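Here is a short report on one structure. Please read it with the model open beside the text.

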Amino acid sequence: MARSRGLIVHSRFVEAQLRTRGCHAPIAVIPHGAWLPEADRLAWRTRLGIAENAPLIGMFGFLKPYKRIAESLRAFRRLRRVVPEARLILAGDVHPDLPLASMIRSLDLSDSVRVTGFVDAEEFTGCMAACDIVLNLRFPTVGENSGTLMRALGLGRPVLVSNIGSFSELPEEICAKVPVGSGEEDCIFEYLNLFTSRPELGRELGARARRWVARECSWELVAHRYVDFLAEVAAGRARPSKTVVPSPAVAVN
């Protein structure tokens, strides 16, 4: 930080952390880039052996303890009492400090939870596309953004995020925010119950998320913002107070 002529971050949360540590260089807040992938929901459900109308919830990426997996499993167990046909898929490597198999057994969820282990990029995206709801929760945070989250938003999935750090900056209309701490499990359950009982709300949320990604976070747009900021820094035109790089005026093909 001390040697940098400029810095690029993905959130105002991280920008504020840098400023409190005495950074006076120009900082550009540029969103994490995202694809707009296409995947056939029904084809992937068939491949996974999931009935077309069975609510499917997914958790994706490296499965670490801080991703609120225990809280999510308990909330899912409550959902199963209301919606017995609901299923949960966890796609990704399991962290050695997470006793996932024993957690699933102790909650009596072995018949409704699938753990895939590592999957390649195509299957990862396909499993996500098959889902009706995606959980992308975490606490604590070190200010990170999530490529997995951006992929889910780009797919138009309704996503639950923890209302913390950079994730709290996401627009309210594109995701459901879960407070950490007391009441977290209750909130997860209520959202799962809402989106399974009224799936049209989840579809609307996902559609808004996909439009937001296309408008604000496509890799082409993000790349232009990177180039513009780097050019300003190299030319000495970037101002220390600069915090957001505006969208380029030219069209991106």
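## Ground rules

Two strands pair if DSSP finds at least two bridges between them. Helices (H or I, at least four residues) and strands (E, at least two) are DSSP runs, numbered from the N terminus.

This is a predicted model, in which local features need pLDDT of at least 70 and side-chain atom pairs count only at pLDDT 80 or more, while totals for chains, interfaces and linings use all residues. Residues are numbered from 1 along each chain as its sequence is written, and side-chain values use heavy atoms, with hydrogens and water left out.

## The sheet

Six strands form an open sheet with parallel pairing. Their order is E5-E4-E3-E6-E7-E8. E5 and strand E8 (176–178) are at the edges. Each has a single partner strand, so one side of each lacks a neighbour in the sheet. On average, neighbouring strands are turned by 20° against each other, direction ignored.

The pairings can be followed strand by strand. E3 and E6 run parallel and are joined by three bridges. Ile-57 has Ile-133 in E6 as its bridge partner. Three bridges also join E6 to E7, again in parallel. Here Asn-136 is bridged to Val-161 in E7. E4 and E5 pair in the parallel sense over four bridges. Leu-90 stands opposite Val-115 in E5.

## Helices on the sheet

H5 lies across E3, E4 and strand E6 (133–136). Its direction is at about 145° to E3. Axes are lines fitted to C-alpha atoms, for helices over the stretch in contact, and angles run from 0 to 180 degrees between N-to-C directions.

Helix H6 (residues 147–154) packs on the sheet too, touching E3, E6 and strand E7 (159–162). The direction of H6 makes about 150° with that of E7.

## Helix H2

Which residues of helix H2 (residues 41–48) are buried? They are Trp-44, Arg-45 and Leu-48. Buried means under 20% relative accessible area, exposed over 50%, and partly exposed in between (1.4 Å probe, protein chains only). Seen down the axis of H2, the buried residues fall within an arc of 105°, so they line one face of the helix. The arc is that of the directions from the helix axis to the C-beta atoms. Thr-46 and Arg-47, on the other side of H2, are exposed.

The buried residues of H2 pack against strand E3 (56–60), strand E4 (87–91), strand E5 (113–117) and helix H5 (121–130). Contact means heavy atoms within 4.5 Å. The axes of H2 and H5 are 8 Å apart and meet at an angle of about 105°. That makes H2 roughly perpendicular to H5 (65 to 115 degrees; under 35 is roughly parallel, over 145 roughly antiparallel, the rest oblique). From H2, Arg-41, Trp-44, Arg-45 and Leu-48 take part in this meeting. Their counterparts in H5 are Glu-122, Glu-123, Gly-126, Cys-127, Ala-129 and Ala-130.

Asp-40 caps the N-terminal end of H2. One of its side-chain oxygens lies 3.1 Å from the backbone nitrogen of Leu-42. Just after H2, Gly-49 takes a positive phi of about 75°.

## Strand E6 and Asn-136

Ile-133 and Leu-135 point one way from E6, Val-134 and Asn-136 the other way, and all are buried. Asn-136 has 5% relative accessibility. What joins its side chain to that of Ser-146? A polar contact of 3.3 Å. A polar contact is a pair of N or O atoms within 3.5 Å; within protein, one must be able to donate a hydrogen and the other to accept it, and residues adjacent in sequence count only if both atoms are side-chain atoms.

Glu-144 is in the loop between E6 and H6. At 18% relative accessibility, Glu-144 counts as buried. Its side chain makes a polar contact of 2.8 Å with that of Thr-141. Beyond four places in sequence, Glu-144 is in contact with Tyr-66, Arg-138, Ser-166 and Phe-167.

Gly-202 sits in helix H8 (residues 199–216). Gly-202 is buried, at 5% relative accessible area.
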